[in-house]
Amino acid sequence: LGAENAIENSDVDFFETDDTTILRNIRKPDFHSLTLRSKMNIIRGLTNAKNESLATELKKLYEDYTDSTEIQLVLLQTLADLKTTSSAKILLELLINDTPPLETQQEAMDILYPYFDSLALTKQLYPKILDLTRYSEYKFAIHKLLAYAVYEKVLTKEVYASYKPILFKE
């Protein structure tokens with residue numbers, strides 16, 4: 001089997017244990033010639049990485065793939081899965097400045113899901129992420145996470161006070 005087929009069929013452990021190796025391979029021109037499925041699987045392999053600079057690297061990759069919503073969504077999910085302050089800040093920045101179009105509300109839930117068990121990081125997202133509620137696909141996930149964080153007393157009403165008129169209207 002060729003390398004691409006091996007990756008796609010999971011016949012090799014491309015991800016190894018070192019996320020710096022994965023990043024080095026992602027930066028190579030060969031990465032761009034892989035199939036969409038292969039790229040997505042490789043990026044997902046970074047989810048458990050412990051490299052502090054990974055969030056910045058994922059941001060650069062996100063900016064390189066403005067023509068692929070699928071890759072951008074996987075990158076956002078991977079950023080959320082890192083569950084660090086820097087990854088949350090970068091995720092918010094990317095969502096606000098280059099909001100990817102979604103087909104379903106579930107895609108927004110997939111992006112924000114990791115924050116339901118890392119509620120302290122919601123402080124990095126709110127209130128600014130409420131700006132995305134103007135898009136119907138993002139609204140449910142953002143409101144649900146906000147409600148849960150308020151219920152768990154991680155966020156206070158002062159955090160979203162300036163957005164109350166918008167929230168009541170919705």
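These notebook entries record what I looked up in a predicted model of one protein chain.

**Entry 1. Basis.** I worked from a predicted model, in which local features need pLDDT of at least 70 and side-chain atom pairs count only at pLDDT 80 or more, while totals for chains, interfaces and linings use all residues. Residues are numbered from 1 along each chain as its sequence is written, and side-chain values use heavy atoms, with hydrogens and water left out.

**Entry 2. Overall make-up.** I looked up the secondary structure and found twelve helices and zero strands. Helices here are DSSP runs of H or I with at least four residues, strands are runs of E with at least two, and both are numbered from the N terminus. I noted that 44% of the 170 residues count as buried; buried means under 20% relative accessible area, exposed over 50%, and partly exposed in between, with a 1.4 Å probe and protein chains only. I then turned to contacts, defined as heavy atoms within 4.5 Å. Of the contacts with a separation of 6 or more, 70% are between residues 24 or more positions apart.

**Entry 3. Helix 6 against helix 7.** I examined helix 6 (residues 69-82) and helix 7 (residues 85-97), which pack at an angle of about 150° with their axes 8 Å apart. The axes are lines fitted to C-alpha atoms, for helices over the stretch in contact, and the angles run from 0 to 180 degrees between N-to-C directions. The two helices are therefore roughly antiparallel; that term applies to angles over 145 degrees, with under 35 counting as roughly parallel, 65 to 115 as roughly perpendicular and the rest as oblique. Helix 6 passes helix 7 in a left-handed crossing, meaning that the near helix is turned anticlockwise from the far one by less than a right angle. From helix 6, Leu-76, Leu-79, Ala-80 and Leu-82 meet Ser-87, Ile-90, Leu-91, Leu-94 and Leu-95 of helix 7. Ala, Val, Leu, Ile, Met, Phe, Trp, Tyr, Cys and Pro count as nonpolar, Asp, Glu, Lys and Arg as charged, and the others, Gly among them, as polar.

**Entry 4. Helix 6 against helix 8.** I next took helix 6 with helix 8, which pack at an angle of about 35° with their axes 7 Å apart. Leu-73, Leu-76, Gln-77 and Ala-80 of helix 6 meet Glu-107, Asp-110 and Ile-111 of helix 8. The residues of this contact divide into four nonpolar, one polar and two charged.

**Entry 5. Core.** I looked up the largest nonpolar core, which has 53 residues; such a core is a set of buried Ala, Val, Leu, Ile, Met, Phe, Trp, Tyr and Cys residues joined through side-chain atoms within 4.5 Å. Leu-79, Leu-91, Leu-112, Tyr-115, Leu-125, Tyr-126 and Ile-129 touch the most other members. Among the helices that each supply at least two residues are helix 2 (19-27), helix 4 (36-44), helix 5 (54-64) and helix 10 (136-151). The largest share, eight residues, comes from helix 6.

**Entry 6. Helix 5.** I listed Leu-54, Ala-55, Glu-57, Leu-58, Lys-59, Leu-61 and Tyr-62 as buried in this helix. Their cover includes helix 2, helix 4, helix 6 and helix 7.

**Entry 7. Loop residues.** Thr-66 lies in the loop between helix 5 and helix 6 and is exposed, with a relative accessible area of 53%. Leaving aside neighbours within four places in sequence, Thr-66 is in contact with Gln-72 and Asp-98. I found Thr-66 and Asp-98 to be 8.4 Å apart, C-alpha to C-alpha, and 32 residues apart in sequence.

Ala-120, in the loop between helix 8 and helix 9, is exposed at 57% relative accessible area. Ala-120 and Leu-155 are 35 residues apart in sequence and 8.6 Å apart in space, C-alpha to C-alpha.

**Entry 8. Backbone.** I noted a cis peptide bond from Tyr-126 to Pro-127, with omega near 10°; Pro-127 sits in the loop between helix 9 (122-125) and helix 10. Lys-83 is not a glycine, yet has a positive phi of about 55°. Lys-83 is found in the loop between helix 6 and helix 7 and is partly exposed, at 34% relative accessible area. Lys-153 has a positive phi near 65°. Lys-153 lies in the loop between helix 10 and helix 11 (157-160) and is exposed, at 71%.
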